[in-house]
Amino acid sequence: MYNSFYSALLLMPLAVCVAGCSSSSSERTRAAADSASQTADVRLMTLDPGHFHAALVQKYDYPQVDSVVHVYAPEGEDLQMHLARIEQFNTRAEDPTHWVEKVYTGPDFLEQMLKQKPGNVVVLSGNNAKKTDYINAAVNEGLNVLADKPMVIQPADYPRLLDAFRKADERGVLIYDIMTERHEISTMLQKELAGFPEVFGELVKGTPQEPAISKESVHHFYKMVAGKPLIRPAWFFDADQQGAGIVDVSTHLVDLILWECFPEQGIDTSEVQVLSARRWATELSPRQFETATGVATFPDFLQPHVNESGSLSTHANGEFVFTVRGVHGKVSVIWNFQAPEGAADTHYSIMRGTKANLVIRQDQPQNYQPTLYVEPVAGQDRAAIGAALQQALARIGQQYPGVAMAETPEGWEVKIPDEFKVGHEAHFSQVTEDFLQYLADGKIPAWEKQNMITKYYLTTQAYTRSR
């Protein structure tokens, strides 16, 4: 699938299993891994996996990635849940993976990873308070980094993230964060249709009260992942470790605004401004906390956030309004404990054009599936926009066969074949494939790198503003 020449990588031999090391895979998986490792150019090292996203990077095999993955982490439930998820992928009936996890659990796990360096790519997804430190440590040793969002959660650490990008350039390695939502098909088609002026017109500038583009994401602490209830670590509910909502999930939403409104354009930090920001808490009862974590009582580090009623106040919610080159955008993140029956995490988005608005809804009328609508602005010629939309979808259909339109009272629904609705978990492999291609190219596009820097500038500025 990809070029086998990886000019950016320092290829290193696999280390043997060290003290404190164990494997979670079967003999059949080991044999397949031994065969694959003879031709693989990319070798993964998973560092301190504390979030299920670390495992989702390995939901599928990649021909250019060694099947042996070295894991460096402290012993504990976070690690055991990570290994259990990998084993679930290895043993599923359909399209099983062939990962062999070689694990080091000594207290000096970070130092040992940097000393041994059995791989050339570090995968990060865990306690976000440590992430900026981990990124810098890896880059200092000439290692590439594929990191779950967010890369930074405190404004004071933002300069250190900038320094990591500078050092990565000097050492010829890559830093990339996992922006899965770009691979959601309704969002991809929203971006595509914004490029058809006969349908969309031009993006309006908007106002703080009615932004040109708004995105709202609703998440749930308790949900199913890979067919099983998700058990979250207790630290996930501490904004000082996981990050407040305004610097966590908002990362995705800011990324989408830059990506959709200014495609393949690097936005400098001088071209953006945070206008307003606020945060608020979700209250969780002790029973809800135990359901989500398996921990019977609030740990000491959460006690300062337990209110008089005995509930935990976790500041997972936030929103802010900002401008990009004069265009107003708004992002909102909401966390509830559990979704209603039949529902799931949801996404709402609107791009306002001079001719039509492009709207994604994901509520009960849509059966909680993200659904894209094209809705003409008042005073515009509906028939002309409908004809233009039909032509646009015919062109888009060359890449996404079967897309169509169905009339609604407000305009049209864009009908998307199920084959393109692969789901959130599959998006992790799609992002990983993007990263593997950048490794093959030996570089990340300049606009992509600049917008990572600007994205985290915005979220950390909004964090300061919200307090």
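This is a predicted model: local features need pLDDT of at least 70, side-chain atom pairs count only at pLDDT 80 or more; totals for chains, interfaces and linings use all residues.
User: How do the axes of helix α5 and helix α6 lie, roughly parallel or roughly antiparallel?
Analyst: Helix α5 covers residues 131-140 and helix α6 covers residues 158-171, and their axes are 9 Å apart. The two helices pack at an angle of about 20°, and angles under 35 degrees count as roughly parallel. The orientation of α5 relative to α6 is therefore roughly parallel.

User: Which classes of residue make up the contact of α5 with α6, and how many of them are charged?
Analyst: On the side of α5 the contact involves T132, D133, I135, N136, V139 and N140, which meet R160, L161, D163, A164, K167, A168 and R171 in α6. These residues divide into five nonpolar and three polar, and the number that are charged is five.

User: Which residues of α4 and α5 make the contact between these helices, and how many of them are nonpolar?
Analyst: Helix α4, residues 109-116, packs against α5 at an angle of about 25° with the axes 10 Å apart, and this makes α4 roughly parallel to α5. The contact is made by F109, L110 and L114 of α4 together with Y134, A137 and A138 of α5.

User: What is the handedness of the crossing where α9 passes α13, left-handed or right-handed?
Analyst: Helix α9 (residues 250-261) and helix α13 (residues 446-466) have axes that come within 10 Å and cross at roughly 135°, which makes α9 oblique to α13. In this pair T251, V254, D255, L258 and W259 of α9 meet W447, N451, K455, Y456, L458 and T459 of α13. The crossing in which α9 passes α13 is right-handed.

User: Is Q362 buried or exposed?
Analyst: Q362 lies in the loop between β14 (356-361) and β15 (371-376). Its relative accessible area is 9%, and the cut-off for the term is under 20%. Q362 therefore counts as buried.

User: Which residue has its backbone oxygen 3.1 Å from a polar atom of the side chain of Q362?
Analyst: Leaving aside its neighbours within four places in sequence, Q362 is in contact with D345, T346, H347, Y368, Q369 and P370. The side chain of Q362 reaches the backbone oxygen of Y368 at 3.3 Å, while the backbone oxygen at 3.1 Å from a polar atom of that side chain belongs to D345.

Note on methods. Residues are numbered from 1 along each chain as its sequence is written. Side-chain values use heavy atoms; hydrogens and water are left out. Axes are lines fitted to C-alpha atoms, for helices over the stretch in contact, and angles run from 0 to 180 degrees between N-to-C directions. Helices (H or I, at least four residues) and strands (E, at least two) are DSSP runs, numbered from the N terminus. Angles under 35 degrees count as roughly parallel, over 145 as roughly antiparallel, 65 to 115 as roughly perpendicular and the rest as oblique. Contact means heavy atoms within 4.5 Å. Ala, Val, Leu, Ile, Met, Phe, Trp, Tyr, Cys and Pro count as nonpolar, Asp, Glu, Lys and Arg as charged, and the others, Gly among them, as polar. Buried means under 20% relative accessible area, exposed over 50%, partly exposed in between (1.4 Å probe, protein chains only). A polar contact is a pair of N or O atoms within 3.5 Å; within protein, one must be able to donate a hydrogen and the other to accept it, and residues adjacent in sequence count only if both atoms are side-chain atoms. A crossing is left-handed if the near helix is turned anticlockwise from the far one by less than a right angle, and right-handed if clockwise.
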